[in-house]
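Hello,

Here is the structure we talked about. Please look through it first; my notes follow below.

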Amino acid sequence: MADSKRPRSRSVLVIDTGGTFSMEYKSELESPGSSGSKRLLDVGKSHKDVLNKLKSISAKEYEYYDNDEERSRRSQSGKPHSWTYHALSERIDSSSATPQSWHDIAKVIFENQLSFDAFVVIHGTDTLMYASAGITFLLPKFTKPVIVTGAQIPVLAPGASDAVGNFLGSLAFATWTAFLRSEKSCHAYHSLKGVFVYFNTKLMRGTTVVKVDSQRWDAFDSPRAPIVGELIEGKAEVYDKRGDVSAATKPEVSDRSELRVRPLPLYSEASKRPYPLIIHLFPGIDLKHFALGEHTNSAIILAAYGSGNGPKLDQFWPYLEKYLDNGGLVAVVSECLSGRTSEAYEACIENWDKTDETDSRIATCQYTTLPAAYARAVLFLDEYECKKRTW
């Protein structure tokens with residue numbers, strides 16, 4: 001008789017989008033006049049070496065299947081969980097990624113939601129935190145775990161690489177289940193829900209993660225929210241057993257009647273709507289040097305000082321006031337890694353005769369990170385979610 005308390009095996013789709021994780025070292029000696037140093041090259045359309053490496057490091061605990069058909073034929077492998085590999089045909093250079101890149105990834109996840117129990121997304125680290133926030137907002141009602149990860153050193157690099165640990169840790173949390181008792185059922189297994197980032201033993205929510213180091217393996221952190229879990233001695237430990245993205249970080253959209261990939265708003269020269277503009281405040285800033293007039297039908301993310309302060313300068317607030325009067329939206333986020341953004345900017349506008357309409361176009365990102373605020377502005381500009389005073 002089967003053990004009713006034993007969790008069923010789980011299947012994971014690993015989506016390789018590119019980035020350092022999937023790169024390989026090539027010797028400069030292959031080029032005439034080279035110095036013999038090593039350089040990173042994208043593996044291009046051939047992912048066999050990367051796939052073979054991932055299969056070898058995960059073979060002890062996870063079964064690999066080429067596709068759904070093979071998985072159905074070989075379901076009795078004896079290993080509790082399985083994974084399948086999918087590489088995007090168009091590689092995403094993380095430093096050149098756009099919101100369309102987030103949508104392409106979310107679409108692959110959505111189209112495979114009935115075939116797999118969980119998803120691992122391999123992404124470049126430069127804009128990983130923007131992608132994780134964007135995918136979170138693009139899949140607002142997703143009930144399966146999506147673990148976004150990457151690496152500082154390629155998985156094919158000679159010697160030690162954080163890619164190995166990040167891949168295995170991501171699989172561990174993608175297949176994590178907890179045995180919980182409830183009033184409706186004597187027992188039930190619960191898994192993670194929503195989008196997360198796993199990096200260097202830590203599991204963090206997709207909307208709270210920031211990159212804190214360009215070289216160390218511990219490159220990402222969640223300074224404005226507790227981490228969700230950790231990999232301890234090879235075992236996934238989730239601290240919040242619900243494992244769900246909290247209401248504070250999951251947007252409340254008006255139409256949640258069906259699970260779908262949110263459509264990407266039209267940002268193009270033809271639509272005359274540019275992507276939101278991020279402005280970091282600095283001493284002596286003069287907004288006349290920024291093309292604010294071109295963003296009146298978009299948004300500005302203002303990375304302010306401390307808890308939301310801005311300068312009391314003629315070169316600043318009059319330009320911002322004109323921008324708001326022309327229909328623009330401003331979201332204020334702190335440049336600090338941690339702490340709360342307050343409505344301190346109001347104290348800097350002592351002589352600004354604000355109307356209720358103008359005031360409603362300024363939002364305070366209290367605990368929101370800069371990447372999450374940007375993703376929110378991109379995807380929800382025309383909706384109620386971006387018309388709230390507090391994000």
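In what order do the strands of the open sheet stand, and is the pairing parallel or antiparallel? The order of the 4 strands is β16-β17-β18-β19, and they pair in parallel. Strands, like helices, are DSSP runs numbered from the N terminus (E, at least two residues, for strands; H or I, at least four, for helices), and two strands pair if DSSP finds at least two bridges between them. β16 (277-280) and β19 (362-364) are the edge strands with a single partner each, so one side of each has no neighbour in the sheet.

The model is predicted: local features need pLDDT of at least 70 and side-chain atom pairs pLDDT 80 or more, while totals for chains, interfaces and linings use all residues. Residues are numbered from 1 along each chain as its sequence is written, and side-chain values use heavy atoms, without hydrogens and water.

β16 is joined to β17 (residues 299-304) by 4 bridges, and leucine 277 stands opposite isoleucine 300 in β17.

Trp102 and Ile109 are among the buried residues of α3. The partners that these buried residues pack against include β1 (10-16) and α8 (370-380). Isoleucine 15 is in contact (heavy atoms within 4.5 Å) with Ile109 and Phe119, among others, leaving aside neighbours within four places in sequence.

Regards

Technical notes:
Buried < 20%, exposed > 50% of the residue type's maximum accessible area, 1.4 Å probe, protein only.
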